[in-house]
Amino acid sequence: MTGFCQRFNSPVAPDPHYSGPAGFEEVLGLAEDACEGLLLYVRKQLPWQAQTGAPAAAPRWPG
């Protein structure tokens, strides 16, 4: 998941149990950064994506 990070350069998320509260903050920052990067990646893959990065018209899911 850290491969999607935009701000941090970490090959893995460290185990926060060995670093105390600061370790949990570090892993949370990595996770948030990776999720933002993953969302950007997915948005770029969608065929209905506009050039600006905003969806022109989101497809509706069946059901």
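## Contacts and overall make-up

Let's start with how the chain meets itself: of the contacts between residues at least 6 apart in sequence, 41% join residues at least 24 apart. Here a contact means heavy atoms within 4.5 Å. This is a predicted model, where local features need pLDDT of at least 70, side-chain atom pairs count only at pLDDT 80 or more, and totals for chains, interfaces and linings use all residues. Residues are numbered from 1 along each chain as its sequence is written, and side-chain values use heavy atoms, leaving out hydrogens and water.

The chain has 63 residues, and 19% of them are buried (buried is under 20% relative accessible area, exposed over 50%, partly exposed in between, with a 1.4 Å probe and protein chains only).

## The helix

You will find one helix and zero strands; these are DSSP runs, H or I of at least four residues for helices and E of at least two for strands, numbered from the N terminus. Helix α1 covers residues 21-45. Its buried residues include Gly 23, Val 27, Leu 30 and Asp 33.

The structure holds two salt bridges, each a side-chain nitrogen of Lys or Arg within 4 Å of a carboxyl oxygen of Asp or Glu. In one, the closest N and O atoms of Asp 33 and Arg 7 are 3.5 Å apart. Asp 33 lies in helix α1 and Arg 7 in the segment before α1, so this pair ties together parts 26 residues apart in sequence.

Arg 7 also forms a salt bridge with Glu 36, at 4.0 Å between the closest N and O atoms. Asp 33 is buried at 0% relative accessible area, Arg 7 is exposed at 57%, and Glu 36 is partly exposed at 45%.

Key: The expected span of a helix is 1.5 Å times one less than its number of residues.
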